[in-house]
Amino acid sequence: MISFATPKFFSTQFQTFLHSGYVPLKETSSFTLAWSFLGHSYAYNLFLGIAEFTAGTLVLFKRTRLLGLLLALALYTNIVIIDLEFQVVDAIVHATIEFFIVILLLVPYFQDLKTFFWDNGGKIKKEILTPSKKNWKTYFPFGFLAVLLVALLVEGIVHAKDEDEIRGEYLINQCMVNQDTLILKGGKYTQQPMVFFEFANTCILSVNGTSLWADYFITSDSVKIVLDKELNGIKSIQGTLDRKAGKIVGKTDHGQSFFMQFSKPLPTKDH
C-alpha cells in the first residue's frame, strides 16, 4: 500500500497517453477512461495516497494493525471493483491477491469485531493494557518503513531522470526522406499530422488517416524510433535529436537520409 501511495504524490500512477486526448469518448477504452478520470485531480490523488500510506503504516504496528486492516479492506474493495469493471488487466491479479491477504490478516480479529460491533453495539469496555517490553519487534516496523521510504525515493528520482524533456505532443511541420518531402496528412484522430512522445518510451505517429505506434530510445542527443508498421517503406529511424529546434536528422533502416521538423501545437479550447 505504501508502494502504491507514493506515486500518487508525484502524479506518476494514473498516466494516460497524450494521444488519448484526441480520441472520441465513444472509442476510448474503459481503462483509459478510468485512468484519465482518476488522474485528472491531483488533490484526489493526494487524498488516495495519504489514505493508502496511512493504512500501510498502521498495519506495521501491533496496536494500530486492526485499524490499518479495516482501512485497507475498504480501499482494496474499491480498487478490485475498479480494476474488474474498467478492465485494468495489469492490476487485477495483484490487487485481488492483496485483497485476500487483508482478509486473512483480519481473521484473528473476527471474534473481537463481532464482540465490539454486535455484542457491545459499538461500545468500548475499558481494559488496562500492560506495557510490553521493548525488543527488536518494537523497532522493526520503524526500520522497515524507513528503508522502504528511502528505496521509493531513490526509485522516484531515477524515474524522474529517465523522463526526457522531449515528452509531449507535436505538429509535424516537415518530413523528408532522401531530400524528397513526404506528403503527410492528418491522422485518424488528428486534423494535422502529429507525433506524440509518450511515457514508457512509446511514440505515436498520427498521420495519413491512421495511428502508427512505435518504441523510441533516447541516449543523450541520439534517438532511435522503431515503428510497429511501415511508413512509406520505413520501419525504423536512427539519428540525432535537437530538442530546442524540434528536429530529428538521421537515416532510415534502408540507409536513406531522414529529416523531421516538429513543433508544439497552438493551444485550443479542446486541447
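**View 1. Exposed residues of helix H4 in the predicted model.** Leu67 and Glu85 are exposed.

**View 2. The buried face of H4.** The buried residues of this helix are Gly68, Leu69, Ala72, Leu75, Tyr76, Val80, Ile82 and Asp83. Seen down the axis of H4, they fall within an arc of 155 degrees, so they line one face of the helix. An α-helix has 3.6 residues a turn, so residues three or four places apart point the same way. The cover over the buried residues of H4 includes helix H3 (42-60) and helix H5 (89-106).

**View 3. The length of H4 and the residue that follows.** H4 runs through residues 65-85, which is 21 residues. At 1.5 Å a residue, the helix should span 30 Å, and its end C-alpha atoms are 30 Å apart, so the two values agree. Gln87 follows H4 and has a positive phi, near 55 degrees.

**View 4. The packing of H3 and H4.** Two packed helices are described by the angle between their axes and the distance between the axes. For H3 and H4, the angle is about 140 degrees and the axes are 7 Å apart. The two helices are therefore oblique to each other. H3 passes H4 in a left-handed crossing.

**View 5. Residues where H3 meets H4.** From H3, the residues are Ala51, Glu52, Thr54, Ala55, Leu58, Val59 and Leu60. They meet Arg65, Leu67, Gly68, Leu69, Leu71, Ala72, Leu75 and Ile79 in H4.

Technical notes
Residues are numbered from 1 along each chain as its sequence is written. This is a predicted model: local features need pLDDT of at least 70, side-chain atom pairs count only at pLDDT 80 or more; totals for chains, interfaces and linings use all residues. Side-chain values use heavy atoms; hydrogens and water are left out. Helices (H or I, at least four residues) and strands (E, at least two) are DSSP runs, numbered from the N terminus. The expected span of a helix is 1.5 Å times one less than its number of residues. Buried means under 20% relative accessible area, exposed over 50%, partly exposed in between (1.4 Å probe, protein chains only). The arc is that of the directions from the helix axis to the C-beta atoms. Contact means heavy atoms within 4.5 Å. Axes are lines fitted to C-alpha atoms, for helices over the stretch in contact, and angles run from 0 to 180 degrees between N-to-C directions. Angles under 35 degrees count as roughly parallel, over 145 as roughly antiparallel, 65 to 115 as roughly perpendicular and the rest as oblique. A crossing is left-handed if the near helix is turned anticlockwise from the far one by less than a right angle, and right-handed if clockwise.
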